[in-house]
Amino acid sequence: MQPIISVSGLSKTYASGFSALKSVDLEIRRGEIFALLGPNGAGKTTLISIICGLVTPSTGQVLADGHEIVRDYRAARAKIGLVPQELTTDAFETVWSTVTFSRGLFGKPKDPALIETLLKDLSLWDKRDSQIRMLSGGMKRRVMIAKALSHEPRILFLDEPTAGVDVELRKDMWQLVRRLRESGVTIILTTHYIDEAEEMADRIGVISKGEIILVEEKIELMRKLGRKQLTLSLQAPMTELPASLSGYALALAKDGAELVYTYDTKAERTGITALLQDLANAGIRFNDLRTSQSSLEDIFVSLVKDRR
Amino acid sequence: MSAIGMNWHAIRAIYRFEMARTWRTPLQSIVSPVLSTSLYFVVFGAAIGSRMQAIDGVPYGAFIVPGLIMLSLLTQSIANASFAIYFPKFTGTIYELLSAPVAWWEVVIAYVGAAATKSILLGLIILATAALFVPLQIAHPFWMLLFLVLTATTFSLFGFIIGIWADGFEKLQVIPLLIVTPLAFLGGSFYSIEMLPPVWRTVTLFNPVVYLISGFRWSFYNIADVSLGVSLGMTLVFLTACIAIVGWIFRTGYRLKN
């Protein structure tokens with residue numbers, strides 16, 4: 001299937017000489033939730049801004065649903081909705097009028113029924129006649145989402161959708177994004193909350209210093225790069241590891257009360273069976289065991305660190 | 001919206017948004033300019049004007065009406081349009097305009113159209129107000145309206161350019177206050193340039209506002225400082241120049257996009 005967004009050789013050098021993007025290639029699949037991860041200043045917002053028309057690319061090309069974003073900007077932009085990072089709204093407008101305005105701006109005829117549904121979905125219906133300045137931060141964020149969805153886009157960009165948003169609202173936001181995906185909207189979100197990407201994304205792209213350094217299915221990424229640890233709570237604490245176990249990647253933790261074995265999930269043999277056998281042979285007994293998997297955060301930190 | 005056609009919905013949305021802003025602030029948008037113009041009539045028309053002799057057979061109070069309307073038209077067109085485009089830049093809501101499927105000239109039509117509509121309405125309100133104070137006659141109503149529309153459009157475009165150029169509130173104010181207002185006052189709002197010494201008469205001819213006021217006054221009283229053709233020509237030159245600059249701004253993304 002043709003990708004819904006295809007970015008090729010995209011570079012951006014600002015007038016200051018700062019090179020924000022360096023020949024980025026990226027394809028977003030139809031109907032997926034794609035999370036773009038990266039530290040501050042990595043180029044996330046620049047990439048989104050180019051695709052949405054806020055920033056002019058220096059070189060390269062972007063196709064949005066087959067439409068070239070500069071030459072065929074009308075068709076391309078009609079498919080795209082953008083929720084920027086900053087809460088920028090017309091303070092004195094009412095919720096209803098600002099959302100109606102957005103729909104018109106994107107070239108769609110009035111559709112009060114659609115806007116009613118949208119506001120109800122976003123729990124803004126009761127506030128439809130309130131001026132935006134009277135709303136809380138979380139509500140303003142939802143107003144911006146309503147504006148971005150008012151012209152029924154096929155692609156939705158959410159730039160840091162949950163920055164500065166409380167836990168409850170984050171959960172609501174995640175639910176909303178899932179509902180949108182179910183309705184067929186492709187969602188691209190940037191975040192530096194890794195748990196957010198881990199929770200929501202189908203695929204993850206990592207951007208660092210203007211380059212996409214990795215694009216992977218989330219599950220695949222976790223499997224590929226994920227390291228697992230087996231932790232054994234020992235019956236009797238140990239001060240040092242017996243020589244017979246020196247072949248294993250073992251470490252003592254909690255003052256010798258725990259033995260930690262790190263292994264690779266993608267390896268053919270994890271070595272767990274042999275380890276347990278050898279432990280028994282060495283007379284080491286344990287009363288509990290647990291395994292843990294490295295989070296996306298660990299993976300991300302190690303990826304970005306490796307490139308420094 | 002068809003792929004090739006215009007985004008009429010967007011033009012209408014922006015135009016309505018801008019007009020709604022006017023009705024939300026009627027004191028600032030309508031009452032205040034009408035009040036200040038009325039004060040001019042009271043002071044210059046009634047108090048001082050009664051002691052002035054008629055100019056080319058037109059009583060002084062009536063003579064200043066076209067100039068006063070022009071003065072409001074110029075300042076209000078610039079203020080309306082410059083603020084309309086500067087404010088979204090200032091608050092950041094411009095992101096939506098930049099990401100929308102609209103052409104630059106559609107944006108210009110909507111913003112300039114709204115700003116010009118407002119100042120034309122205001123001009124007509126001032127005209128009606130003036131009729132309460134002084135005896136008015138309009139010799140060429142069609143030309144009167146044409147000058148009104150052309151001037152409002154031209155100066156709304158000019159204001160739009162200022163709004164894009166400005167990166168702070170001071171810059172937004174500096175051109176209207178330091179250039180346009182003096183030019184409007186010295187452009188013959190309150191006198192005929194025939195009343196000036198010859199040297200100053202020549203200097204005055206470099207003031208573009210002279211041509212606007214002269215043509216406009218001609219449409220009222222059939223008297224003019226410069227010929228109608230020159231007035232119309234100069235107005236159109238300025239209009240064309242503003243359109244060209246706006247076109248350049250949007251083609252280069254100047255001050256709107258990185």
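Select chain B: ten helices and zero strands, where helices (H or I, at least four residues) and strands (E, at least two) are DSSP runs numbered from the N terminus. Read along the sequence, the pattern of chain B is α-α-α-α-α-α-α-α-α-α. A word on what you're looking at: this is a predicted model, in which local features need pLDDT of at least 70 and side-chain atom pairs count only at pLDDT 80 or more, while totals for chains, interfaces and linings use all residues. Residues are numbered from 1 along each chain as its sequence is written, and chains are lettered from A and ligands numbered from 1 in the order in which they are written.

Stay zoomed out for a moment. The C-alpha trace of chain B spans about 60 × 35 × 35 Å along its principal axes. Its radius of gyration, taken over C-alpha atoms, is 19 Å. That agrees with a compact globule of 258 residues, which would come out near 18 Å (the globule rule is 2.2 Å times the number of residues to the power 0.38).

Next, select residues 26-48 and 60-91 of chain B, which are α2(B) and α3(B). Their axes come within 10 Å and cross at roughly 155°; axes here are lines fitted to C-alpha atoms, for helices over the stretch in contact, and angles run from 0 to 180 degrees between N-to-C directions. That makes α2(B) roughly antiparallel to α3(B) (angles under 35 degrees count as roughly parallel, over 145 as roughly antiparallel, 65 to 115 as roughly perpendicular and the rest as oblique). Show side chains on P33(B), T37(B), Y40(B), F41(B), F44(B), G45(B) and A46(B) of α2(B), which meet G61(B), I64(B), L68(B), S72(B) and Q76(B) of α3(B). Contact means that C-beta atoms, placed from the backbone, lie within 7 Å. By class, this contact has seven nonpolar, five polar and no charged residues. Ala, Val, Leu, Ile, Met, Phe, Trp, Tyr, Cys and Pro count as nonpolar, Asp, Glu, Lys and Arg as charged, and the others, Gly among them, as polar.

Now jump to α7(B) (169-189) and α9(B) (208-221), which pack at an angle of about 50° with their axes 8 Å apart. The two helices are therefore oblique to each other. Look for L183(B), A184(B), G187(B), G188(B) and S189(B) on α7(B), against V209(B), V210(B), I213(B) and S214(B) on α9(B). Five of these residues are nonpolar, four polar and none charged.

Time to bring in chain A. How many helices and strands does chain A have? Ten helices and 14 strands. Colour domain 1 (5-223) and domain 2 (227-294) separately; the bounds come from an automatic or database domain assignment. Taken over C-alpha atoms, the domain centres are 45 Å apart. The trace of chain A spans about 80 × 45 × 40 Å, and its radius of gyration is 25 Å, whereas a compact globule of 308 residues would be near 19 Å.

Last stop: the contact between the chains, with 27 residues from chain A and 23 from chain B. On chain A, the elements giving two or more residues are α2 (73-78) and α3 (95-105), and α2(A) has the largest share, five residues. The chain A side divides into 14 nonpolar, seven polar and six charged residues.

Finish on α3(A) and α1(B) (8-24), whose axes come within 7 Å and cross at roughly 145°. Here F101(A), G104(A) and L105(A) touch H9(B), A10(B), R12(B), A13(B), I14(B) and F17(B).

Methods:
Contact = placed C-beta atoms within 7 Å.
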